[in-house]
Amino acid sequence: MPKKVELEGRSRAPKGHFVVYVGNEMKRFVVPTSYLKSPIFQQLLDKAAEEFGFDNQNGIVLPCDESTFDRLTAFLAKHHS
């Protein structure tokens, strides 16, 4: 079962993962690419594109708080492999 991995100070995500930044503190999360198949995660990425655009120099910034993102990734870990 894929799990969210939180890593501080790494510049690259491991193979099969990508980095997103969440919340006011821009907390860095490394998530599995399998989450990209999820309609819920796709909606969050669409909202991020609307809010921040595609040429954001800060990487992928998701427009939600950490607790919401934690709940989303817990759900995805159970339901998407």
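Helix α1 (residues 39–52) and helix α2 (residues 66–79) have axes that come within 10 Å and cross at roughly 150°. Axes here are lines fitted to C-alpha atoms, for helices over the stretch in contact, with angles from 0 to 180 degrees between N-to-C directions. Helices (H or I, at least four residues) and strands (E, at least two) are DSSP runs numbered from the N terminus. On the α1 side I40, F41 and L44 meet F69, L72, F75 and L76 of α2, where contact means heavy atoms within 4.5 Å. This contact has seven nonpolar, no polar and no charged residues; Ala, Val, Leu, Ile, Met, Phe, Trp, Tyr, Cys and Pro count as nonpolar, Asp, Glu, Lys and Arg as charged, and the others, Gly among them, as polar.

The model is predicted: local features need pLDDT of at least 70, side-chain atom pairs count only at pLDDT 80 or more, and totals for chains, interfaces and linings use all residues. Residues are numbered from 1 along each chain as its sequence is written, and side-chain values use heavy atoms, with hydrogens and water left out.

Three strands make an open sheet of mixed pairing, in the order β2-β1-β3; two strands pair if DSSP finds at least two bridges between them. β2 (27–32) and β3 (61–62) are at the edges with a single partner strand each, so one side of each has no neighbour in the sheet. Strand β1 (residues 17–22) pairs with β3 in the parallel sense over two bridges, and Y21 has V61 in β3 as its bridge partner. Helix α2 lies across β1, β2 and β3, at about 10° to β2.

Buried means under 20% relative accessible area, exposed over 50%, and partly exposed in between (1.4 Å probe, protein chains only).

| Residue | Relative accessibility | Class |
|---|---|---|
| S38 | 0% | buried |
| N58 | 49% | partly exposed |

S38 is in the loop between β2 and α1. Beyond residues up to four places away in sequence, S38 touches L76 and H80. N58 belongs to the loop between α1 and β3 and, its neighbours within four places aside, is in contact with Y21 and M26. N58 and V20 are 38 residues apart in sequence and 9.4 Å apart in space, C-alpha to C-alpha.
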